[in-house]
Amino acid sequence: MKLKLLFLSIFYISNLCFAQETPIKIGIAPHSSTRVILESHQDLRLFLENYFKRPVQILTAKNFSEFTKRSDEGTYYDLILTSPNLAVLAQKLGGYKPIMTYSKGLSTILLATDKNILESKKLPLHVIGLDPVSFPTLDAQDWLEKNGFEDGKEIKYTYTSATDSSISTLLNNNADMIIMSLPNYIKLMTKEIKDLVHIIYQSEPKPSRIYLAKSADGITLEEWETALDAFSKSPEGKSHLEITKLEGFKKIEQKDLDSLGSIADKTLERLNN
């Protein structure tokens, strides 16, 4: 009996040590290039490594569709930072709980070098979006459709995984308009570039990128809530806000997501097609 208890104790301690050494996986939606994502979230990684005394990996995906499928599986990431429509799906399908967001709302920006582009007779117009299921893409497409620009007729869409590459494409006259989020506009657009483009559409602020977590890999949901609250008040959190230009943190409420049902349904429809 004593020998059995000894083996059980060794097994328990071994598992505990393994859990403590297993990297915490943070999944961040590919709203920018991998390089930009890694650079702008180093403060979050370093804070969590020190807080949980475990290594932390910052992970993303080649596009929003791949990222969403991983999030919805519910096992690929421990913590997720993603756009509001994808957060709704991660909650419903992946079992994650929304915890925190940014105080600066997420607006969609539609840019062109020609301020009269919507009056152009050269149709279809070529528009570059981030991904068919990215929130800014869906929002801009909805606005364009309501203004008489239908996909496949007056508009032709192509997609890229990085906003910085779409800016170059627009400036090289290889696209008529590009879609981006307000945070990327603030972060990536220099004064020189801003002088060369025009904002064709800017949406009202919507819920910003959302942090979601679940009890897994040795960390409970309550521990995640406490850790993110601590990050929001830390020097690392302040540095993160300075880099991302997202102003501040705030707790997310379920009512903030309840209005996103239709865009989440459209996201799921595109993912399944």
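Guide: This is a predicted model. Its largest nonpolar core has 26 residues, and those with the most contacts inside it are Ile26, Leu48, Leu79, Tyr211 and Trp224.

Visitor: Which elements give two or more residues to this core?

Guide: They are strand E1 (24–28), helix H3 (42–52), strand E2 (56–59), strand E3 (79–82), E4, E10 and H10. The largest share, five residues, comes from H10.

Visitor: What does Leu48 touch, leaving aside residues up to four places away in sequence?

Guide: Leu48 then touches Ile26, Lys53, Val56, Leu79, Trp224 and Ala227. Another core, of 25 residues, lies apart from the largest one; among its members are Phe64, Ala87, Tyr96 and Leu212.

Visitor: Why are nonpolar side chains found together in this way?

Guide: In soluble globular proteins, nonpolar side chains tend to be buried together.

Visitor: Let us turn to charged residues. What makes the pair Lys97 and Glu225 a salt bridge?

Guide: The N to O distance between their side chains is 2.9 Å. The cut-off is 4 Å, between a side-chain nitrogen of Lys or Arg and a carboxyl oxygen of Asp or Glu, so the pair qualifies. The two residues link distant parts of the chain: Lys97 belongs to strand E4 (residues 97–102) and Glu225 to helix H10 (residues 221–232), 128 residues apart.

Visitor: Why is Lys97 called partly exposed?

Guide: Its relative accessibility is 38%.

Visitor: How do you know whether Asp139 is buried or exposed?

Guide: Asp139 has a relative accessibility of 8%. Buried means under 20%, and therefore Asp139 counts as buried. Its side chain meets that of Lys206 in a salt bridge (3.4 Å, N to O). Asp139 lies in helix H6 (residues 135–146), while Lys206 lies in the loop between strand E9 (198–202) and strand E10 (210–213), 67 residues apart. Lys206 is partly exposed, at 27%.

Visitor: Where do Glu66 and Arg70 lie?

Guide: Both are in helix H4 (residues 64–73), four residues apart, about one turn of the helix.

Visitor: How many salt bridges does the rule give?

Guide: The count comes to twelve.

Technical notes
Residues are numbered from 1 along each chain as its sequence is written. This is a predicted model: local features need pLDDT of at least 70, side-chain atom pairs count only at pLDDT 80 or more; totals for chains, interfaces and linings use all residues. Side-chain values use heavy atoms; hydrogens and water are left out. Buried means under 20% relative accessible area, exposed over 50%, partly exposed in between (1.4 Å probe, protein chains only). A nonpolar core is a set of buried Ala, Val, Leu, Ile, Met, Phe, Trp, Tyr and Cys residues joined through side-chain atoms within 4.5 Å. Contact means heavy atoms within 4.5 Å.
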